[in-house]
Structure formats: structure tokens, C-alpha cells
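Let's take a walk through a protein model with two chains placed side by side. Have a look at it first, and then we'll go through some of its spots.

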There are 2 protein chains.
Amino acid sequence: MRSIFRKSGHRFSDKKMRPASKDTVVPDIATMLWPRSVALIGASADTNGLRGRILEIMKGHPYAGAIYPVSRSRTEVQGLDAYASVADLPQPVDLAVLIIPARFVPDELDRCGHAGIRTAIILSSGFAEEGGGAGVRLQEEIRVIAARHRMTVAGPNGEGFVNLAAALCPTFSPVMDPGATALQAPQGRGVAIVSQSGGVGFAIFDHGRAKGLPFRYVVTTGNEACLETFDFVEHMLDEGATDVFLLLIEDVKSLATFERTAAKALRAGKPLIIGKLGQSEAGRRAVAAHTAAVAGSQAEYRALFSRYGVIECDDLDGMIDIAAGFLAFGSRLPAGRRVGICTSSGGAGAWVADACAAAGLDVPELDPATRAAIDTHLPSYGTSQNPVDVTAQAVHAMGYAEFARLMAGSPVLDGLIVVITGRYPRLLMGDRAPLAKLARETTKPIFMWSYTRPAEACIALIAEAGYPLFTDMHRCARTMRAMADYRAARAGFMSD
Amino acid sequence: MRSIFRKSGHRFSDKKMRPASKDTVVPDIATMLWPRSVALIGASADTNGLRGRILEIMKGHPYAGAIYPVSRSRTEVQGLDAYASVADLPQPVDLAVLIIPARFVPDELDRCGHAGIRTAIILSSGFAEEGGGAGVRLQEEIRVIAARHRMTVAGPNGEGFVNLAAALCPTFSPVMDPGATALQAPQGRGVAIVSQSGGVGFAIFDHGRAKGLPFRYVVTTGNEACLETFDFVEHMLDEGATDVFLLLIEDVKSLATFERTAAKALRAGKPLIIGKLGQSEAGRRAVAAHTAAVAGSQAEYRALFSRYGVIECDDLDGMIDIAAGFLAFGSRLPAGRRVGICTSSGGAGAWVADACAAAGLDVPELDPATRAAIDTHLPSYGTSQNPVDVTAQAVHAMGYAEFARLMAGSPVLDGLIVVITGRYPRLLMGDRAPLAKLARETTKPIFMWSYTRPAEACIALIAEAGYPLFTDMHRCARTMRAMADYRAARAGFMSD
């Protein structure tokens, strides 16, 4: 790992150097993510621009704390009293959000420190991602100022964050437009996104909420001058309310922080699902320009990830599907890679069998006892070998649940994929109670893949019954594989 | 190829043997797909069963021809006069649709022949897919009877077909439920699906119509006792109204038919996009049980496909995306594998660059002249290297079209991927006319990938402008690669 990391916990390069004092300050991420009040520095009335949009978005959600616009030119912004400087605020705030030209950021951050503001996020661009010169120096100034005031600082060049439970959205991401779905904080298990890329971080959120993932946080970290991805992850692990992490990273800045955090997550059984940008030459060129990250070698990252059971995924929707698999069956991970396929379409069953093989899963022939139990229900043109083609006829008569229950009992299987057509709810409606019972009682993960476009009623029914519903067979197979690998990695780690 | 095909044009196996007379009869697929009247043998009043559902579906679409239910037990079925036998029909029909128990099929097919019916589709199961014995003998009987009457016969064990222009749907697929979207026949370029698997064939249709593909036919071929996939493809090529083919096959039954058809398609520049089931051991087991197909060796199929520029794709949505790419830019295929990436999100640009590399595409640095032209429009934190990160700021000011136009002019690029956020239409609305102009004028393919979930208005705007819109970056990259490979394969084939 020498080429990309140093064991000291810092990576030193000509582009970036972190003051030694950083590790001596425990970052106060709790205050940053749960502030009682926020100052928005650079607030604007023009909602066509980013500086106006961020206030519009923050105001559009029912955040209970105070929002103070800070503006050099106006005494009122979007209906709120504005202040000429953080020094003039009516009370000390917990969080400063800076969206002003890069060259003004250091002085403003310094003023925040003097005003007693403990945490700040910097959304402005124009720092180290510019590739040298003034931008790099400005970013270094930020680090020095943050250390001097012992401030907890995220960014620059990020896109802010969302705390769904607090309804706090200091971001200009159009995904958080109040016109879109209302924020819903998770009731039980929560999912967090931490992403260096603002655009992709919020895109993951956008796709994931459409699939019903219970998000708790979306945090974008940008250039990571001070706080990095795994600082946030570690805080959320300590907080204890996040069970699945979706991370989009361009580099790992501190090997020590990564290893400490990844070990903590693995011990707790809380999967880190990581998209790692910059795996190709063009991708590395892009991340250097994007956040000044040095993407490093794919093989080295892969070895590091595999040591800690980190689940790598190069596909946005794939990351979401893996999260859904863990949310439903994280406590009943597959003990191995042997998967059963239960299908009402022979062709779809054959295709997903191929997809399972491509994902490194085994699709073994079923044991005789299980076959005999299934055969009593099948017409002559069905087959119980595995894939089990139960035929449309038998499914119409019996539903899916009983076949799935029989298969889940087979000693040669570690998990099950049920191939359904979710096009029309009629078939599933009658199977609702047995499906829910099976989801509660099975000791093995059972996934649903709908080869037709599922209707809303089917999506809801399957979610309520307790299954993850896949619309892509490859992602379905890869999720099963990822969960089997995670169980194996965790078992190896815990026994070390 | 000896192990899976015989050069004679027939594959002889212990399971299946085709009468020698088959090749002497030119199948009358035109009459089958465009009948003036249809007899439905086995029609039922019970719309909960498949036999009742098929009539409900046929009646629910505005097919202009006559539909005659044939029923042993009823004189009226779902409001239509029913007939006890095909011998009693008031006029000779062009197509018989058989959905009766397998054991009755041979006699009924013989009666159809005597009644002068020239074409038949057999939807019943219970033939060679049962793996031996009576089913295999029944299927052989069908072939003999069809040959004796010189009838054109599809199936058995298929799920029927749809002719969208004729609004004819002899199928029980729930995807064709009249309650779903009305059928829309293509105005210009048309897409056909031919699939051995009924379930998957209609699933491809279901996903594809949601993406706006202009479908002309969906044909499911089942066990292919007589007609096989490439008989239909050849007919459609000769007919001339289908430009893109989506094929889902379990085997190639006649090498001669395949080679003649694939060569004809390649000469005409009409791509065959094929999903080939049975690539794994479990998949091969499944297709044998499904349609008695012998899936054969993946390597042999791959070599055969590559010789004829056949595009293999193991992903349902991927097949649809490749079709969309060809529909938009089939006449302007990429001359090579060098792709430019134009993005407003640095992270998304880096990620799709990685996806391009994974798909075997090159993402070269741009030439100095193109960079200079782009740089005049970029803020300091943007980059013109490729990926070209035009930044959200510049896109807000100028839109995407001008950057894409500059990049498309670069001599080092063969195609372009524009990374957009289609979440809100505001940004694209102002860019509408320049985008449409660029789509008309570009000589290189330009694809759009939205990393956020695109709004309906954006989907419509981009389709009207003339671009394929991708929601998955890997499928986007693979489509570019498939189109570049297709151009190379066709050039090689034409110069042979």
C-alpha cells in the first residue's frame, strides 16, 4: 500500500498537506449535522443562482432551527432578516454555510472562528481542484484557519448535506427541491450516503428514495480539506442510527482513519458499500481535476477493501440494490454462494441462472427430498431441478410462497431468488399473507426479481411483505454474492 | 462449429428431427402475422384462465379482422358466436390459434389443414420440453402434420405474438392487457422482438415501450417445432419495415437459416441484438427443460455471432438501450472507440469515464484546438481535458449543446456522451433548439446519460431533440461500444 498511503494516517503530496494538529482535534460532526441554528454566508435573493437556491431549499423544508442569511449588500433576503457579517448575528450559531467566491473564504472562515462558530461547510469551488497555484494555497489556508480555531470544517467544493430527521438541507442540489417528495426520516434502520461528489451523492439519494430506502443522511465532502468521508462514517457508526452506508469516494486520504472506521463497521455488521471513482486513466484524470484527489491503484484499493469486507460496486443502482438486500436480510446473510431460483417463466429462470453464474454464484441441482416435495405441485412441463420452473399454471393455482418455502428448506441452498412478474398485482394479492409469513420465518435471504416492470401495488406489497424487489437480474445476483462475501469476510475478521 | 450445428441446415438429435420436406415449403409468415381472420381454438369464457384471457386480450384491441372462437362446449364465448369445430367456420380463416391440451393438438392441427387454414400458432405446453416420451412424440406429430398440409406453424409452448400495426394480439401475456397502454404502431423505423421465451419476450416489450421504442412485432416462438426465430427475422427483413431486432434465443436450430439471415441483416445494416440463454451449466439445464433447446457452447456461439456482427447482450434493459442507440444514430455509427465525455458533474464524469474503460472504449485527452475553444467558456475550476467538466455554472449560462458541438468537432473523438441531470427540465428547456440542431447536424453519435432520475418533461425533450437517453452509465458505454463494433464488423463483412 506504500504507493498510495502512509501508515502515519496522512497522505503527503505536493498538492496537499494537513497540519499535524488535525488529529488532536476531535471533529464535532454532531454539531455540524444537528445544528440548532445556521448562518448562510453569501445568501442571495436570486433563486436562479446557486446562492439563492440554497436558501430557497433550506426554507422549503421544516427545519426547526434558525436560519440567518449573511449578505454584504442586503438587509433582507427571501423574507428573512439578513446580516452584514457573522459578527452581527443575534446569537452564536452552530453551523456556518459558506457559498462565496473562493478568495473570500479564508477571511470569512476566520471571522466565523472569532464569532465562536464551531462548524462550517464550504460549498464554494476554486480550490485545490484547480490543479495548482492560488487554489491550492487557499485550500491550505482553510486548513490552517480551521485548526487555529479548532473548527470542524467540511469541503470546500462540496454540495452540502441533508439531515433528513432534522429536515435540514444546506445544499443547492436540485434533488432537494422542496417541490420533490417530502423528506422522510427513517423509523428503524437507516441508510447514509457520504460522497465526495455532490452530483453523484445526491443522484444516489434520488434513485434510492424512489426505491424506498430509509435515508438518514446525505453528506457530500468535496475536496476534503479537513473532514474526509471516513470521519463522517465513524461519527455515524458511533451515533448508532445508521445501518448501511453508501459511499462514493475518489481517494482514501487517511489510511488510519479508513482502517479504524472500516474495522468498526465490520465488527458492528454495518456494511460499507463503496463506489470508487478513478479506476481508469481517464477517470483518474477526472478526479484529479474534480477534487484534486489522487485516485491510486485499483488493485491496491481492492486489496484494502477486501480485507475489511468493504463491498465495492461500480454501479449507482447496484449500490442501492445491495443496500436494499442488506436492509431486508442483513441479519440472515447467505452462508455460502449456493442459490436457488424459483420461477414462473422458464426463459427468465434460465437467464437469471446465467446471471448468477456470471456473478460467481452456484445454482446447484436440488436435493431429491426437496424435488419430490415440489414435484407434487407441478404440471408435467414444469421442472424442480433448479432453476425450479413452477410454471404460470402452478403459480396461478398456489402462488409463489409455498414453492419458495419448500426451496428455502433445501440443505443445498444458501439463498433464494424468486422470479416474478410484478406487472399486475392480482397474482400476488392472494399470496400476500404466506409471503409475509415466509419473509419473517426464513433463515435464508429470499430476493424477488420482477422481469416485467412492476406495478406500484406490487412494489408496495413486496416491500410490506419484507422482500427486496429487484428489476435487474444482474444486480439481484450481485447483491446475493456481495452478501455472501460480506458474511465470509466478517467471519474471517471476527475470528482473527 | 460441428458440435452444435450441422452444415446441412438441420440439427438432428435424439430429441428432435425435422422432416426433410421442411425446406421445400416456403413458410407463409406474412399470412400468419397479418391474417384477415383468426380462429381461436380452445376459447373460454373464464377470463381467470389463460384460454379466456387470450380472447379477452384479442377483443380488447382494435384488430379489424374477424375472430372466431372455437369451443366444444359453448355456442357463445365472451359475446362472440362460437363454433364446435374449425370445419364449421363461416369462412376459411388465415390463422388458427391453438390453446388446448397437448394431446388434442395433432388432431386439431390436422382438422385445420383440412379446413384450408394455412397458418397456425400453438400456445399449448406439454411437448418436447417435458424431456422425452409422449411430449416429444406429440411435437414430432405436429411437424409431420404441418408438412403434410404445407402449413406454417409456430410453437408449441409459445406465448403467441403481437402485430402492433394490425392491433392483433393472439397471446395471454398480461403485458398485453388492454388496460395497459394502447398499442402504437411505429411511424418510421420499427423494432421487432422475436423470443423463444414468451415471458421474457413480452418483458422486453414491456420495458421497451416504457422507453418509447417503436415496436412493430413481438413474436414468441416456444419450442420452435417448425418455424424458428430466424425464419421470422428473415421474413421481417424481406418485408423491409423492421430496422432493429431484439432476439432472445435458447439455441440456433438451423445454421444455414441463421447464416443466411444474419448476412442479409448485416448487409442491410439492420442490427440483430441477441440475448442468448443457457450460457451457464444451470442455464443450459433450464433451457433444456424450458423448450428442449440444446444451448451449446458459449464460445462457439460467440464466434458465430461475431462473424456476422450480431450484438450479444446479457441484459434485458441493455438490449433496449442498444436498440435506442441504433434507432437514433444507426446511420452515424462511431468510426472507432474514442469517446468524449461532456459533464456538468465532475464525479459523474469520472464515473462514466471508468465505465467507458470497462466497456473497452478509449477516453483520450482532447486536442489543443478543441480544448482552447472550450476553455474560453469555462470557469477556473472546470476542465477541458476529457472528461470535459463544464461545471454547473457554465451549463447554467450556456446549456450543454454548445459544449457538445465543440467536442463533436474534435478529430480525436468518434462519439460523445453528455452527462446531464434530467431531474428538472428548466435547464434543458432553454437548450432545446440548439440540442435539436446538433442532433440533426452531428456526424458522430451523441448519447445523453442522466445521472439523476429524469423527469418526464426531460425524457420527452431529449427524445424529440433526437438523442437516446440513458439512465445507466454502463449501458450507455456498452451501447457506444456495440455500435462501434457493429460498424467495424459490417465494414469487414462488406469488403470480404
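Ala167(A) is found in the loop between β8 and β9 (191-195) of chain A. Helices (H or I, at least four residues) and strands (E, at least two) are DSSP runs, numbered from the N terminus. The phi of Ala167(A) is near 55 degrees, a positive value in a residue other than glycine. Is Ala167(A) buried or exposed? At 9% relative accessibility, Ala167(A) counts as buried; buried means under 20% relative accessible area, exposed over 50%, and partly exposed in between (1.4 Å probe, protein chains only).

Asn386(A) is not a glycine and has a positive phi too, of about 105 degrees. You'll find Asn386(A) in the loop between α12 (368-375) and β15 (388-389) of chain A, and it counts as buried, at 0% relative accessibility.

## Before going on: how to read this

This is a predicted model, in which local features need pLDDT of at least 70 and side-chain atom pairs count only at pLDDT 80 or more, while totals for chains, interfaces and linings use all residues. Residues are numbered from 1 along each chain as its sequence is written, chains are lettered from A and ligands numbered from 1 in the order in which they are written, and side-chain values use heavy atoms, with hydrogens and water left out.

## Cis peptide bonds

Gly155(A) and Pro156(A) are joined by a cis peptide bond, with omega about 0 degrees. Pro156(A) sits in the loop between β7 (152-154) and β8 (161-163) of chain A.

Over in chain B, a cis peptide bond joins Asn386(B) and Pro387(B), again with omega about 0 degrees. Pro387(B) lies in the loop between α12 (368-375) and β15 (388-389) of chain B.

## Where the chains meet

How many residues of chain B are in contact with chain A? There are 71 of them, and they are in contact with 71 residues of chain A; contact means heavy atoms within 4.5 Å. The two chains bury about 5300 Å² between them, 56% of it on carbon and sulfur atoms. Buried area is the accessible area (1.4 Å probe) that two parts lose on being put together, summed over both. Arg285(B), Trp351(B) and Arg453(B) supply 14% of the area that chain B buries against chain A, more than any other three residues.

The rule finds 6 salt bridges across this interface, a salt bridge being a side-chain nitrogen of Lys or Arg within 4 Å of a carboxyl oxygen of Asp or Glu. In one salt bridge, the side chains of Asp472(B) and Arg475(A) meet at 2.9 Å, N to O.

## Around one helix of chain B

α18(B) has 23 residues and reaches 33 Å from its first C-alpha to its last, close to the 33 Å expected at 1.5 Å a residue. That expected span is 1.5 Å times one less than the number of residues. Among the buried residues of α18(B) are Met473(B), Arg475(B) and Phe493(B). At the start of α18(B), a side-chain oxygen of Asp472(B) reaches to within 2.8 Å of the backbone nitrogen of His474(B).

Arg475(B) is also one of the residues that Asp317(B) touches, and so is Thr471(A) from the other chain. Asp317(B) is found in helix α10 of chain B and counts as buried at 11% relative accessibility.

Terms used. Polar contact = N/O pair within 3.5 Å; in protein donor to acceptor, adjacent residues only side chain to side chain. Lists of a residue's contacts leave out its neighbours within four places in sequence.
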